[in-house]
Amino acid sequence: MTALAIEHDTPLRAAAAVARPLTGNEAIARGAWEAGVRVAAAYPGTPSTEILESLATYPREDVHAQWSPNEKVALDVAIGASYCGVRALTAAKHVGLNVAADALMSHAYIGAHGGLVLAICDDPGIHSSQTEQDTRYYARLATVPVLEPADAQEALDYTRLAFDLSERFDTPVIVRSTTRLSHTRTVVRLGERHAPPPRGFTEDPNRNVIMPAMARRRRPFILAREQRLAEYFDGATVTRVEPGDAAIGVITVGTAYAYVKEVLPGASVLKLASSYPLARETIRAFCAAHERVFVVEELEPMIETEVRAMGLAVAGKEFFPRAGELSAEIVRDGFVAAGVLAPRPPAPTFDLEPLVRPPVLCAGCPHIGSYFPLRSGEARVTGDIGCYTLAALQPLAAMDTCVSMGSSIGNAVGMALSGAERKPVVATIGDSTFLHGGIPALMDAVYNQASITVLLLDNRTVAMTGGQDHPGTGRTLRGDATHKVDYEALCRAVGVNWIRRVDSYDLAAGRQTLREAMEYDGVAVVISDRPCVLDPVKIKGPPLTVDAAACTACQSCMNLGCPAITWSEETLEGRHKVQIDPAQCIGCAMCLQVCPTDGIGAGMNA
């Protein structure tokens, strides 16, 4: 189907069409399948994970869906499929696009032979990310269009449209979602799959091989493509004006549209489908027809800045915050501050003190056993991205730094070679994160003769995003058996000679092994080996209990930070004794190992 056919079809889906409640992520996957995607690759990362998981539920003969070691590899796989003239998709969270940015910038020059779509999910409010970023600036930097759906129906339709635009304008296309859209479920009207036949590989080195001479010849095409896309969005039905009060006009896009419609149902609204490139002539006409015009967009003032650069007077971020996730209440407050709406009567107040529950690792999490020996402060500990980042918090408090995926080993190398750190340096990194970005840093450590210890936390899954597989699990996205990375062999291949494997639940062995590793002059690798307690099914043994008579209220077991261990009502010399919740306890026995009075065991009387 052509792009225009999709546009006209979108609001006119037959009433008899199948409707189904879908999240935004599921709708993006459905839209890709309907558009005939044949290859899809991603690295899991909230809030984008479910896109590939959903695609993997469609028939194998329709689409190859895979987890890749990192986002750059995933995009490179999709680019390879596009080279061969088939439709391809990659999905990532906003910080994942940082990893894949190099490939995106180059392929923006090369163009898309088969439709190439990047489904990128931003995280306004930083619900599950290390930073808050606006992917739309990557679109502008790469000079590729970005579509911003407002709901799950548009997530499906815009994804279909994105593949057509990609082939029509010879460009990668970004579909930008946000956490709220990705995880909100609404009823979506479904369509049929329309898979165009593969176009085949086109032998054209002047285009396919990105070198300075070729890139210089492609640059004028890139600029002309930008102009053609802007003209397209000016005339496209996905760019629409919803007429209302001529006194107030609102330009908006994406999920912010729903908040504007809820707060100002009578205002005139220009709903954009793309925030880059802009439908400039439509915007000019809209601004000319209204006395005051506001731009409501989530995160950065990208549209607002561009519209002001066009010489048009609009208001935006002076009333609507640049940081955090928007909501109907926040948008309302902005229009109140602008004098558009009257303040609401003050709401009743309640003198309540909420119970603060800090984030904790799961009961029996093997990361507890891995970090517990490090909480003494004998070493400087660099951390990484994963569930185990929680080890930076009390009571473990065993992590000193955390930067980004795969940074821990490189950070440790810098500390060790700085000459300013007197403690042994230990880099801690999860198995999936190690494969994602830790291997080059490990090579660097060996190559530059740094004396560090690498604690590789192998829990055999991507636990933080829900238990996905990776090359170290021996299973593919669809659950097929495949080659499993041998971490010991891999470490030896890059030059590591000192390697030990320990059971994460054996606290004494873990402590002794780490001490030996920190005494080694060179790169030492300790592999902490225990599966995640939640994957593939929750691991649970007989729960342990506390002998109240033997408990001295020393609270040594509380230092583990296990949520199954809590204070009891009984006290001793003003200190609470402890108790174990049998519903949460999985019987890992780590608390038993740290109890100095043998007051914890199986089958004891509480």
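Q: Does H11 pass H14 in a right-handed crossing or a left-handed one, which of the two?
A: H11 passes H14 in a right-handed crossing, which is to say that the near helix is turned clockwise from the far one by less than a right angle. Please keep in mind that this is a predicted model, in which local features need pLDDT of at least 70 and side-chain atom pairs count only at pLDDT 80 or more, while totals for chains, interfaces and linings use all residues. Residues are numbered from 1 along each chain as its sequence is written, and side-chain values use heavy atoms, with hydrogens and water left out.

Q: And at what angle do H11 and H14 pack?
A: Helix H11 (residues 256–263) and helix H14 (residues 328–337) meet at an angle of about 60 degrees, and their axes are 9 Å apart. That angle makes H11 oblique to H14, a label for what is left after under 35 degrees (roughly parallel), over 145 (roughly antiparallel) and 65 to 115 (roughly perpendicular). Helices here are DSSP runs of H or I with at least four residues, and strands are runs of E with at least two. Axes are fitted to C-alpha atoms over the stretch in contact, with angles from 0 to 180 degrees between N-to-C directions.

Q: Which residues make that contact between H11 and H14?
A: From H11 come Tyr259, Glu262 and Val263, and from H14 come Ala328, Val331, Arg332 and Phe335, where contact means heavy atoms within 4.5 Å. By class, the contact of H11 with H14 holds five nonpolar, no polar and two charged residues (Ala, Val, Leu, Ile, Met, Phe, Trp, Tyr, Cys and Pro are nonpolar, Asp, Glu, Lys and Arg charged, the others, Gly among them, polar).

Q: OK, what about H7 and H10, what's the angle there?
A: Helix H7 (residues 152–169) packs on helix H10 (residues 212–235) at an angle of about 135 degrees, with the axes 11 Å apart, and that makes H7 oblique to H10. H7 also passes H10 in a right-handed crossing. On the H7 side the contact is made by Leu161, Leu165, Arg168 and Phe169, and on the H10 side by Phe221, Arg225, Arg228, Leu229, Tyr232 and Phe233. Those residues of the contact of H7 with H10 divide into seven nonpolar, no polar and three charged.

Q: How close do the axes of H2 and H7 come?
A: The axes of helix H2 (residues 24–34) and H7 come within 7 Å and cross at roughly 35 degrees, in a crossing that is right-handed. H2 brings Gly24, Ala27, Ile28, Arg30, Gly31, Ala32 and Glu34 to the contact, while H7 brings Ala152, Ala155, Leu156, Thr159, Arg160 and Phe163. Seven nonpolar, three polar and three charged residues make up the contact of H2 with H7.

Q: Switching topic: what's the volume of the largest pocket?
A: The largest pocket has a volume of about 550 Å³, and its lining counts 37 residues, of which Gln130, Ile385, Gly386, Met405 and Met464 lie nearest the centre. Helix H5 (94–110) and helix H17 (431–447) each supply at least two residues of that lining, which divides into 14 nonpolar, 20 polar and three charged residues. A pocket is an open set of points on a 1 Å grid over the protein atoms alone, where a 1.4 Å probe fits, with protein on both sides within 12 Å along at least five of seven lines, and lining residues have an atom within 4 Å of a point. A volume is the space filled by probe spheres set on the points, which are joined across faces, edges and corners.

Q: And the second largest pocket, how many residues line it?
A: The second largest pocket is lined by 16 residues, with Pro358, Val360, Met558, Pro563 and Ile565 nearest its centre, and about 400 Å³ of space lies in it. The lining of the second largest pocket splits into ten nonpolar, five polar and one charged.
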